[in-house]
Amino acid sequence: MSRFRAAPPWLGRVTARWHRPRTVLRRPTDLVERIRWLFVLCALSALTLTPIGVLIGGNAWTLALVTVACVGLAASWVYRYRSRQVPPVLDLTDPLCLLLFALACPQPAIALGVVVPALWFRSVYGGTGRFAAYTVWTCLAIAAAVPLWGVVPGQASWTAAAPVLGSLPATVMNAVVARRLALTLVDRDRDRDRETALAALGSRLIGVTDRREVIAASWVTAEAICRATPGLRAAVVYEDGSDTLRVSGTAGDFVHRPTTLPRDLLPAGDFGKGPVIFSAPAVLALSSGVSSEWVCVALPDTPGGHLLLGASPEVPREGIVATRSMLSQVALALRTCVALEELRAQAQTDGLTGLANRSAFSAALGEALRTPGTETWVLFLDLDDFKVVNDSLGHLAGDRLLGHLGTQLTSMLRAGDLCARLGGDEFAVVLRDASESDTRVIGRRVLELISTPVQLAEGMARIGASVGAVQVRPGSSETLVVHQADVAMYAAKAAGKNRVQFFHPGLLQLDDQAAAEAELRAAVEGDELVLAHQPVLSAADGRCTAVEALVRWNHPHRGLLGPDAFLCLAEETGAIIPLGEWVLRSACADAATWEDATAPVAVHVNASPTQLAHPHFVDVVRGALTDAGLAPERLVIEVTETTVLESPAVSATLEELVQLGVGIALDDFGTGYSALTTLRSLPISIVKIDKSFVAGALTQAADQAVVEAIVQMADRLGLQTVAEGVESPEQQAFLVAAGITALQGFLYLPPAPVAEFAGWLADNRRRSAEGELTPA
């Protein structure tokens, strides 16, 4: 079988023509090219040294003959090396020049010193058939020098034939060995190029998560494999249910790329068990230039997808192995892309309702803020009387109702809109390219949908909703838009519920940040802030071991506001400093009133980045403990991962607090960076698992795995774990089985005023002392 061509495309190199000459004296780096370079130098050296005896003792005829022969051979060899071409005329010129060289030598056998290097150099070019013909013509030329010896003037009338004819078998064997070695070198070089292409594909696919990039990289590799396998053609086809196959791409030297192929060209057989050989139909043979053997290989993980490989006279096994290895790498990369896409979808989806989650809502709102020229509105929805459903029909019924609402809301909104569940019974809608009248109509339709009674297995559920609407204006921030929508929603609730309220400045009665800061500071000084307390229970025995203090604003006009309604503005205006100090001092004072040596209760207080970065924060903490007479061990400061990682000064503050005896809890773990370095490098003693993972732990395998992993990791690091947002006995059972340390959520007590919590705590202590409590 022919292994070399006149202008071979193998080894991934473009054929060098005279417009890209090779310098004979420059040593190539490629193995095969280096062998060619060595052989041409040896041949030229032999051509230079062998004629010395002729030049010394020869006559004018022999000098003329040797000059013509040497010039002809040198020109032929240099042309072959530089152009990588073997024209048939040169295969005839070389034997003729060798004949002239033999006639000019004192003995014809001397010419064998040039014949052997010539054969070795010729062995690394062209097909095997052409090389065999070249060898035969060369041997015939040397043999013909014996009878023609006496024709040259000045030479003897005859010469012995035995030295020449006796050397010809060895010369032929030299040619056979040279050709075999050349083919072995080429095969090894081709193997190396295929391996290099596959290795490059593996490196290129590392970290690639875009399916299109994976496909593009695979075609680059397919072209490299075809170049490294002479004559190989490759085509990917897909069955589309018709009588034709769709061609998605080709590699190799196709005459022209077909767009479709007949369906019946696919051979019968199980493609999953290995390559299946078939004969190419006329349309494939004409487009590819290969009419002999073709092989069909099934594409992994792609029903109806096939890779067709063709070559003459047969498809090399090495090409099949390389392409199947490429397909395996591509299939693995595509599976990774699919898995990452699913994870991205899960990260942007609320597990209970199937709607977008808070993160997806923030991304959509951020995109709207960055896209000028489009009118976008935001609706905030808070379900009215949803707690009644939970209390009367049970939490599972409430979950089913939320799932039903998610389906209904998705079906009624327009294609470009986004509906998200922000948590609990709060929803948000982003309306793109909507006017105020469109927003009003959609808001009313949402109210009608939510107000429609829903028949559940547990009974009839009747709820309503309060909707706040605000326009996304250029120059606004996400925090401001959310705050305004929240204000409008609370205004709708205060006005009688089940209505749509559009935001206007009069709702807030704040014209700028200075006024907002003044109102917040007035709230601190005017006793408008109140604390709500939520217990943290030991998972082992149900005993209350800690309480989280949560701030509320008893606004004189808007009623009781949750932290989401004002903490962002407090952070932006700097009012968080006096507000946070009030929360810290009040929480410590409340905790001191619950003093019980037999059942101590720690108080958890959230601290913002601004507070932790303040130079006097540690002094404020020390003063709050002293004034309340509370032991430092009874205070726990809760921080988030983002707070810790974004400010180096925070780490120093935490170290000072720990030295003071105060505990540090990492809040909402799993929603930020979730880095092991956070747990390992900071003085954290408690890890609080975010309620979003607890909510999905019963339905999402990923959330279960995250909760179990966090608990096990914290346990090995000697840290306590608290699960937030526990709302059902089933969630509690799962968390206890996972090894959680403590539990917190509505299942035990919603955030309650200090008096209500004090009564609950007294009852919990009594039941614990009398042995009435059971492990949570």
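This is a predicted model: local features need pLDDT of at least 70, side-chain atom pairs count only at pLDDT 80 or more; totals for chains, interfaces and linings use all residues.

Student: What makes L92, V136, W137 and L140 a nonpolar patch?

Tutor: A patch residue needs over 30% relative accessible area and no salt bridge, and nonpolar side chains are joined within 5 Å. L92, V136, W137 and L140 make such a patch.

Student: Which helix gives the largest share of the patch?

Tutor: Helix α6, residues 128-144, gives three residues. L140 is found in α6.

Student: What is R194 in contact with, leaving aside its neighbours within four places in sequence?

Tutor: The contacts are I225, A228, T229, E318 and A322. The cut-off for contact is heavy atoms within 4.5 Å.

Student: How do you know that R194 and D191 meet in a salt bridge?

Tutor: The rule asks for a side-chain nitrogen of Lys or Arg within 4 Å of a carboxyl oxygen of Asp or Glu. For R194 and D191 the N to O value is 2.5 Å, and they meet in a salt bridge. Both lie in α7, three residues apart, about one turn of the helix.

Student: Are R36 and E33 buried or exposed?

Tutor: Both are buried. Their side chains meet in a salt bridge at 3.2 Å, N to O. R36 and E33 both lie in helix α1, residues 31-49, three residues apart.

Student: How many salt bridges does the rule give?

Tutor: The count comes to 31. D763, R766, R767, E770 and E772 are linked in a network of salt bridges.

Student: How do you know that the buried residues of α27 line one face of the helix?

Tutor: In α27, residues 729-738, the buried residues are Q731, Q732, F734, L735 and A738. Seen down the axis of α27, they fall within an arc of 165°, so they line one face of the helix. Their cover includes α25, α26, β21 and β22. G739 follows α27, and its phi is positive, near 100°.

Student: Which residues have the most contacts inside the largest nonpolar core?

Tutor: They are F361, L635 and I637, in a core of 88 residues. The largest share of this core, seven residues, comes from α19. Apart from it lies another core, of 44 residues, including W37, C97, A104 and L119.

Student: What does F361 touch, leaving aside its neighbours within four places in sequence?

Tutor: F361 is in contact with V378, F380, L418, A420, L422, A428, V430 and V482.

Technical notes. Residues are numbered from 1 along each chain as its sequence is written. Side-chain values use heavy atoms; hydrogens and water are left out. Buried means under 20% relative accessible area, exposed over 50%, partly exposed in between (1.4 Å probe, protein chains only). Helices (H or I, at least four residues) and strands (E, at least two) are DSSP runs, numbered from the N terminus. The arc is that of the directions from the helix axis to the C-beta atoms. Patches are made of residues with over 30% relative accessible area and no salt bridge: like charges are joined within 9 Å, nonpolar side chains (Val, Leu, Ile, Met, Phe, Trp, Tyr) within 5 Å. Accessible areas come from the Shrake-Rupley method with a 1.4 Å probe; for residues, only the protein chains shown count as cover. A nonpolar core is a set of buried Ala, Val, Leu, Ile, Met, Phe, Trp, Tyr and Cys residues joined through side-chain atoms within 4.5 Å.
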